[in-house]
Amino acid sequence: MLIINFIFSFYCLDQRARKDQIGPYAPEIVAKERKEDSLQKTQQIERLKKIYGEDQK
């Protein structure tokens with residue numbers, strides 16, 4: 001019962017943080033992470049183009 005209560009408490013805290021947009025769910029942090037993800041995807045595409053030689057076409 002104690003373990004279930006512990007897990008449920010973390011779940012409730014996470015849901016509240018999402019609702020209130022605090023902690024790792026703050027709009028500034030989410031926007032920053034999306035920007036970094038976009039940059040990483042672009043870099044990965046460029047690397048794949050170099051590997052397959054499509055950048056020279």
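Where is the place of Arg18? Arg18 sits in helix H1, which covers residues 2-20. The model is predicted: local features need pLDDT of at least 70, side-chain atom pairs count only at pLDDT 80 or more, and totals for chains, interfaces and linings use all residues. Residues are numbered from 1 along each chain as its sequence is written, and side-chain values use heavy atoms, with hydrogens and water left out.

The protein chain contains two helices and zero strands. Both kinds of element are DSSP runs numbered from the N terminus, a helix being H or I over at least four residues and a strand being E over at least two. H1 has 19 residues and reaches 27 Å from its first C-alpha to its last, close to the 27 Å expected at 1.5 Å a residue. Helix H2 spans 27-52; its 26 residues reach 38 Å between the first and last C-alpha, close to the expected 38 Å. The expected span is 1.5 Å times one less than the number of residues in the helix.

Residues with a positive phi follow both helices. After H1 comes Gln21, with a positive phi near 55°. Most residues other than glycine have a negative phi. Gln21 lies in the loop between H1 and H2, and with a relative accessible area of 46% Gln21 is partly exposed. On this scale buried means under 20% relative accessible area, exposed means over 50%, and partly exposed lies in between (1.4 Å probe, protein chains only). Just after H2, Gly53 takes a positive phi of about 75°.

A search of the whole structure finds two salt bridges. The term stands for a side-chain nitrogen of Lys or Arg within 4 Å of a carboxyl oxygen of Asp or Glu. Side chains of opposite charge can pair when their charged atoms come close. Arg18 and Asp14 are separated by about one helical turn, because they are four residues apart in H1. Arg18 counts as partly exposed at 45% relative accessibility, and Asp14 counts as partly exposed at 25%.

The other bridge joins Asp20 to Arg16, with the closest N and O atoms 3.7 Å apart. Asp20 and Arg16 are also four residues apart in H1, so about one helical turn separates them. Asp20 is partly exposed at 38% relative accessibility, whereas Arg16 is exposed at 57%.

H1 also holds Ile7, which is exposed with a relative accessible area of 54%. Accessible areas come from the Shrake-Rupley method with a 1.4 Å probe, and for residues only the protein chains shown count as cover.

The remaining values describe the whole chain. Its C-alpha trace spans about 60 × 25 × 10 Å along the principal axes. The radius of gyration is 20 Å, whereas a compact globule of 57 residues would have one near 10 Å. That radius is taken over C-alpha atoms, and the globule rule is 2.2 Å times the number of residues to the power 0.38. Buried residues make up 4% of the 57 residues. The accessible surface comes to about 5700 Å², of which 59% belongs to carbon and sulfur atoms.
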